[in-house]
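Okay, thanks for coming, everyone.

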Amino acid sequence: WLCSRITCRLTALLGLIFAALGFWLMHLWPIEVNLSQLTTSTLICGFGFGLVIAPISTTAINAVRNSQMGMAASIVTVLRMTGMILGLAALTSWGLGRFYDVVHSFKTPAGMTPLSPAFAAYEAHIATIAAHDVFTSIFLATGVLCLVALLPACFLEGRKASPYTMIRAHTEE
């Protein structure tokens with residue numbers, strides 16, 4: 001609906017900006033994030049992603065003949081899933097490497113014996129700090145990727161009505 005009102009291009013651009021804003025807010029989470037921070041940032045990010053998905057599919061469907069619409073929609077879905085898998089794998093790999101680097105950068109305080117309760121508490125504290133650092137870094141990197149995606153989104157179609165809108169308009173007449 002929004003694509004037919006303000007174009008697929010503008011809808012996708014708005015979605016990417018909202019998603020980037022949501023990730024930026026997630027990047028600012030403290031170690032003990034409260035419910036309002038969590039809700040606000042994830043709602044903004046989810047709203048943005050919701051705006052991005054439809055214009056890409058609509059543009060692909062509009063670019064082909066009616067007999068190829070199903071194939072176009074399927075290809076977009078497969079490419080989206082493949083991109084998500086590769087992106088998740090890359091961010092996970094980078095995040096795990098960063099986690100281990102942060103954990104290993106801390107030195108055990110002198111006089112603390114391994115397997116003691118104090119040592120276990122210290123390790124848990126270090127792991128929490130490292131995990132927080134990794135998550136906030138991943139959120140920041142993902143927000144930057146959303147901003148980079150603004151460039152290809154500029155190439156989405158302009159004001160072409162979707163086939164669904166055209167079919168619906170003919171049935172309402």
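Let's start with Thr11, which sits in helix H2, residues 8–27. Helices here are DSSP runs of H or I with at least four residues, strands are E runs of at least two, and numbering goes from the N terminus. Before I go on: this is a predicted model, with local features needing pLDDT of at least 70 and side-chain atom pairs counting only at pLDDT 80 or more, while totals for chains, interfaces and linings use all residues. Residues are numbered from 1 along each chain as its sequence is written, and side-chain values use heavy atoms, leaving out hydrogens and water.

Back to Thr11: buried or exposed? Buried, with a relative accessible area of 2%; the cut-offs are under 20% for buried, over 50% for exposed and partly exposed in between, with a 1.4 Å probe and protein chains only. Setting aside neighbours within four places in sequence, Thr11 touches Leu2, Cys3, Ile6, Leu51 and Pro55, where contact means heavy atoms within 4.5 Å.

Next, H4, which runs 69–105. Its 37 residues should span 54 Å at 1.5 Å a residue, and the end C-alpha atoms are 53 Å apart, which agrees; the expected span is 1.5 Å times one less than the number of residues. The buried residues of H4 are Ala72, Val76, Gly95 and Val102, and H3 and H5 are among what covers them.

H4 also takes us to the largest pocket, supplying 12 residues, the largest share of its lining. That lining has 31 residues, with Phe49, Gly83, Met84, Gly87 and Thr142 nearest the centre. H2, H3, H5 and H6 each give at least two residues as well. By class, we have 25 nonpolar, five polar and one charged; Ala, Val, Leu, Ile, Met, Phe, Trp, Tyr, Cys and Pro count as nonpolar, Asp, Glu, Lys and Arg as charged, and the others, including Gly, as polar.

For the record, a pocket is an open set of points on a 1 Å grid over the protein atoms alone, with protein on both sides within 12 Å along at least five of seven lines, where a 1.4 Å probe fits, and lining residues have an atom within 4 Å of a point.
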